[in-house]
Amino acid sequence: VGHLKGVGKVWQLSAVDGASSFGMARVVAGDKTAAVMARFLLEDVVPACRRAGLTPVTATTDNGPEFGRAFGEACRQAGVGQHRIPPRSPNLNAFVERFQGTVLHLHYRVAFRYRYYTAVETIDADLQAWLRFYNFERPHRGYRTRGRTPGSIFFRDQPEILQQMGA
């Protein structure tokens with residue numbers, strides 16, 4: 001996200017389901033380490049998948065230090081394989097790259113124009129509200145989604161969650 005005055009270094013941790021374009025993200029302050037990514041995987045990504053009745057199979061990552069030993073251990077603990085893409089091949093991780101570009105253009109650039117943030121919790125709360133819009137209200141026009149929302153695909157076997165989210 002950037003280095004914000006009064007807040008410090010702010011990072012967005014992101015995960016995207018390739019089949020539905022369902023995006024998950026969390027904003028954290030400080031350094032992005034393998035332990036931070038491991039916590040994101042175990043506390044955010046895996047529970048969201050299980051809530052949808054899905055079993056995460058593979059986490060495709062780049063070779064950044066945040067996907068080091070602690071993250072690999074969290075993958076093994078969750079029963080998720082880790083596939084590292086070759087260096088200098090962002091196209092192989094295009095789902096998350098495109099998601100991060102969308103978040104930047106449609107959320108952060110607008111939010112930072114209208115609001116002065118002093119705490120990472122506020123930034124994350126606004127991101128979570130925007131993710132609700134992105135996943136459950138905004139139709140996606142891709143060849144996989146065909147005008148549906150990512151939430152309607154991701155939670156297709158959980159209609160009570162879709163009803164609860166107003167999708």
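## Lining of the largest pocket

Helix α3 (94–114) gives the most to the lining of the largest pocket, with eight residues. Here helices are DSSP runs of H or I with at least four residues, and strands are runs of E with at least two, numbered from the N terminus. At least two lining residues each also come from β2 (8–16), α1 and β4 (58–61). The model is predicted: local features need pLDDT of at least 70 and side-chain atom pairs pLDDT 80 or more, while totals for chains, interfaces and linings use all residues. Residues are numbered from 1 along each chain, and side-chain values use heavy atoms, without hydrogens and water.

This pocket holds about 970 Å³ of space. A pocket is an open set of points on a 1 Å grid over the protein atoms alone, where a 1.4 Å probe fits, with protein on both sides within 12 Å along at least five of seven lines; lining residues have an atom within 4 Å of a point. The volume is the space filled by probe spheres set on the points, which are joined across faces, edges and corners. Of the 41 lining residues, Ser14, Ala15, Val16, Thr60 and Val96 are the closest to the centre.

## Second largest pocket

The second largest pocket has a volume of about 360 Å³. Its lining comprises 19 residues, with Phe22, Met24, Ala48, Arg51 and Gln128 nearest the centre. Helix α1 supplies the largest share, six residues.

## Packing of α1 and α2

Helices α1 (residues 34–51) and α2 (residues 69–78) pack at about 25°, with axes 8 Å apart; axes are lines fitted to C-alpha atoms over the stretch in contact, and angles run from 0 to 180 degrees between N-to-C directions.
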